[in-house]
Amino acid sequence: MVIRIADLVGAADTGDQGAIVYRRISMGLRRGGPIVISFSGITTATSSFVNAGFAELLRDHPFSEIKDRLRVIDSTHQINDMIRTRLNGEASKAAA
């Protein structure tokens with residue numbers, strides 16, 4: 001399954017956009033198989049977008065599953081760091 005952020009929500013600016021992405025990713029995780037997230041055409045992502053779209057996944061899915069099955073492509077260093085930092089931070093909180 002490939003999720004193209006630009007096609008799905010147009011940008012990575014708001015929590016509402018992130019919530020839409022979360023629902024799509026979560027649906028893909030329930031179906032099985034790998035999920036590719038393409039940020040083609042998107043240059044930045046806000047923390048509210050990443051929190052709603054990615055960190056929320058940890059409520060329903062183990063961190064190891066997210067790491068193993070999600071792949072981010074066509075992304076910037078800023079977006080990659082934001083996703084990695086938020087997921088690692090939330091996973092650490094949950095483990096404590």
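# Pocket and helix chat

User: Which element gives the most to the lining of the largest pocket?

Analyst: That's α5, with five residues in the lining of the largest pocket. Helices here are DSSP runs of H or I with at least four residues, strands are runs of E with at least two, and numbering starts at the N terminus. Bear in mind this is a predicted model, where local features need pLDDT of at least 70, side-chain atom pairs count only at pLDDT 80 or more, and totals for chains, interfaces and linings use all residues. Residues are numbered from 1 along each chain as its sequence is written, and side-chain values use heavy atoms, with hydrogens and water left out.

User: Ok, what volume does that pocket have?

Analyst: About 260 Å³ for the largest pocket. A pocket is an open set of points on a 1 Å grid over the protein atoms alone where a 1.4 Å probe fits, with protein on both sides within 12 Å along at least five of seven lines, and lining residues have an atom within 4 Å of a point. Points are joined across faces, edges and corners, and the volume is the space filled by probe spheres set on them.

User: Which elements each supply at least two lining residues?

Analyst: α4 (63–69), β3 (70–73) and α5 (77–95). The lining itself is Phe54, Phe63, Ile66, Lys67, Leu70, Arg71, Val72, Asn80, Ile83, Arg84, Leu87 and Asn88.

User: How does that lining divide by residue type?

Analyst: Seven nonpolar, two polar and three charged. Nonpolar covers Ala, Val, Leu, Ile, Met, Phe, Trp, Tyr, Cys and Pro; charged is Asp, Glu, Lys and Arg; the others, Gly among them, are polar.

User: Asn80 is on the lining list. Where is Asn80 found, and what is it in contact with?

Analyst: Asn80 is found in helix α5. Leaving aside neighbours within four places in sequence, Asn80 is in contact with Val72 and Ser75, contact being heavy atoms within 4.5 Å. Val72 is also among the residues that line the pocket. Asn80 counts as partly exposed because its relative accessibility is 26%. The cut-offs are under 20% relative accessible area for buried, over 50% for exposed and partly exposed in between, with a 1.4 Å probe and protein chains only.

User: And Ile79, buried or exposed?

Analyst: Ile79 is buried, at a relative accessible area of 0%. Ile79 is also in α5, and with neighbours up to four places away set aside, Ile79 is in contact with Phe39, Ile42, Thr43, Thr44 and Ala45. The C-alpha atoms of Ile79 and Val50 are separated by 8.7 Å, though the two are 29 residues apart along the chain.

User: Where does Thr44 sit?

Analyst: In the loop between β2 and α3. Thr44 is partly exposed at 44%, and beyond four places in sequence Thr44 is in contact with Ala12, Gln78 and Ile79.

User: Switching to backbone: what's up with phi at Asp74?

Analyst: Phi of Asp74 is near 50°, a positive value in a residue other than glycine. Most residues other than glycine have a negative phi. Asp74 is in the loop between β3 and α5 and is partly exposed at 48%. Gly32, which follows α2, has a positive phi too, near 100°.

User: Let's do α2. How many residues has it got, and how far does it reach?

Analyst: α2 (residues 15–31) has 17 residues and reaches 24 Å from first C-alpha to last, close to the expected 24 Å. That expected span is 1.5 Å times one less than the number of residues.

User: Which α2 residues are buried?

Analyst: Gln17, Gly18, Val21, Tyr22, Ile25, Ser26, Gly28 and Leu29.

User: What do the buried ones pack against?

Analyst: β1 (2–4), α1 (5–8), β2 (35–38), α3 (47–53), α4 and β3. Take Gly18, at 0% relative accessibility: Gly18 touches Phe49, Ala52 and Gly53, not counting residues up to four places away.
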